Amino acid sequence: MAPARTLRYAAGPRRVADEAAARAAAGFDPVRARGGQPGRVPRAEVAPRGLGRGRGRLRSRRRGRDRIRGFRTADGTRLRARPVEPQDAEFTETVKHWLMGGPAEMTAQMKRQIFTEDHEAFREMVRTFLAKEVTPYYEQWEKDGIVSRDAWRAAGKQGLLGPAVPEEYGGGGQQDFRYSAVLAEEFTRAGAAGLAVGLHNDIIGPYLTSLGTEEQKRRWLPGFCSGEIITAIAMTEPGAGSDLQGIRTHAEDAGDHWVLNGSKTFISNGILADLVIVVARTTPEGGAHGLSLLVVERGMAGFERGRNLDKIGQKSQDTAELFFHDVRVPKENLLGELNGAFVHLMTHLAQERMGIAVAGIAGAEHLLEITSSYVKEREAFGRPLAKLQHIRFEIAEMATECAVTRAFLDRCIADHSAGALDAVHASMAKWWATELHKRVADRCLQLHGGYGYMAEYRVARAFTDGRIQTIYGGTTEIMKEIIGRSLLD
């Protein structure tokens, strides 16, 4: 760091006022110089050369004499030049902070405003749970391709399942999405995508609580909250992804039951699930006005599970093919209105997309943290990577993108908790946060070099685990279509 006396920018008329402001902030008296004598730092010692026509350059003999004899102040008064001694460290740091905007630890991350003490206490509980019940076993789950059911029961015992389910059914009774956001953030930071608590709580839970009959709630929700009943939702088919209009799985009315036939794929929790909400055609034409939600339970005749699909990421999160061959689904297992599934799905997709968005920004922030630590420790050419300007620029760009995205996501979280978030802004949050995560994961892996390609490094797993976020819950392209239609149709 150069002495404080050299930190002067020849930026036109503002330069004198700017320097004065810096010195005032440091408690420096602009009238009385060091040793109690009036004066200022001579121009020749503070102004860099060659910074523009007529500025910072000694262009005449008179200016040459000024350099020897003294210099003129802003009001034209000639003052005698005095030898300048290096400033003390406190003054130097004060000027540096003023010029650079403050210490990095003060400016890198804004204090979040959306959480209360209760939310932060819940966050600590989630971290304790993860450290005790998840992290020690996660590597084995990754190898097995499935999470232990004991982990689900432990989550239920800890109160992490069904936080929005009414207390009378065994839930937490908290209609506050901020608790779900805390769960999503902490599970993401722990790299524990396999235990799909967000899917269970934020996607399937609302269907059961808002659409279920009293009998259905009493039958399913206590187990849902205890972890005894693990859930899944089956929409995607081999020939129909984001296009719900193309669903072919169908159910025929057989009096006191439905006869369900068809297949689904890419179903998260497909192997473990005890209860699956199936989207099926209940009219010959299907489409927006011919789909219904039928609940298929473990053990129903004709309900079969295919292979546990081998994915590039989230390996401990069981993802399966499901097959339905003349499955007799009781009429009591119709969830919501007959032929009303399309509306039900559109109503609850906003929360699903918010959950994915929250995980996306949390993942990007965590990758930035671990990469910032890595480049401080890793050396190349005899010095830490963090000393290289390119590395600093990369970190600066990612930090800025994360900070801007976090501000928007926190606003969306607050709005959703208040019941005010619309589908368009949920789509904006989902596509932007997940695409940001994808970019940050790629750049952070690059900054790790060869180590970033090693599976034992968190950045490598985050790179593969997070890649699915721009696909499930509606692809980025679908999100843009929703946004575009809202603006142009």
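Contact here means heavy atoms within 4.5 Å. All the views below come from a predicted model.

**View 1. The whole chain, before we zoom in.** The chain has 489 residues, and 47% of them count as buried. Its secondary structure comes to 16 helices and 12 strands. If you take the contacts with a separation of 6 or more, 73% are between residues 24 or more positions apart. The accessible surface is about 25,100 Å², with 53% of that belonging to carbon and sulfur atoms.

**View 2. Phe187 and its neighbours.** Leaving aside residues up to four places away in sequence, Phe187 touches Val126, Phe129, Leu130, Ala192, Leu195 and Val197. Phe187 also turns up in the largest nonpolar core, a group of 59 residues, where Phe187, Phe129, Leu195 and Met354 are the ones with the most contacts inside the core. Several helices each put in at least two residues, among them H6, H9, helix H13 (389-417) and helix H14 (423-448). Helix H12 gives the largest share, 10 residues.

View 3. In one of them, Phe122 and Tyr179 sit edge-to-face, with 5.2 Å centre to centre and 80 degrees between the planes. Phe122 belongs to helix H6 (residues 117-134) and Tyr179 to helix H9 (residues 177-189), so to speak two distant parts of the chain, 57 residues apart. Phe122 counts as buried because its relative accessibility is 11%, and Tyr179 counts as buried because its value is 12%; the cut-off for buried is under 20%.

**View 4. Tyr451 and Tyr457, a tilted pair.** These two rings are 5.5 Å apart centre to centre, with 35 degrees between their planes. Tyr451 has 37% relative accessibility and therefore counts as partly exposed. Tyr457, at 28%, counts as partly exposed too.

**View 5. A three-ring cluster.** Look for Tyr137, Tyr138 and Trp141, which form one aromatic cluster.

**View 6. Charges over tryptophan rings.** Lys331 lies over the face of Trp258, 5.1 Å from the ring centre. Over at Trp432, the charged end of Arg439 sits over the ring, 5.4 Å from its centre.

Conventions:
Residues numbered from 1 in each chain as written. Predicted model: local features only at pLDDT ≥ 70, side-chain atom pairs only at ≥ 80, totals over all residues. Heavy atoms only, no water. Phe/Tyr/Trp six-rings, centres within 6.5 Å; stacked < 30°, edge-to-face > 60°. Helix = DSSP H or I, 4+ residues; strand = E, 2+ residues; numbered from the N terminus. Buried < 20%, exposed > 50% of the residue type's maximum accessible area, 1.4 Å probe, protein only. Lys NZ or Arg CZ within 6 Å of the ring centre and 35° of its normal. Areas by Shrake-Rupley, 256 points an atom, 1.4 Å probe, with all protein chains shown as cover. Core = buried A, V, L, I, M, F, W, Y, C linked by side-chain atoms within 4.5 Å.
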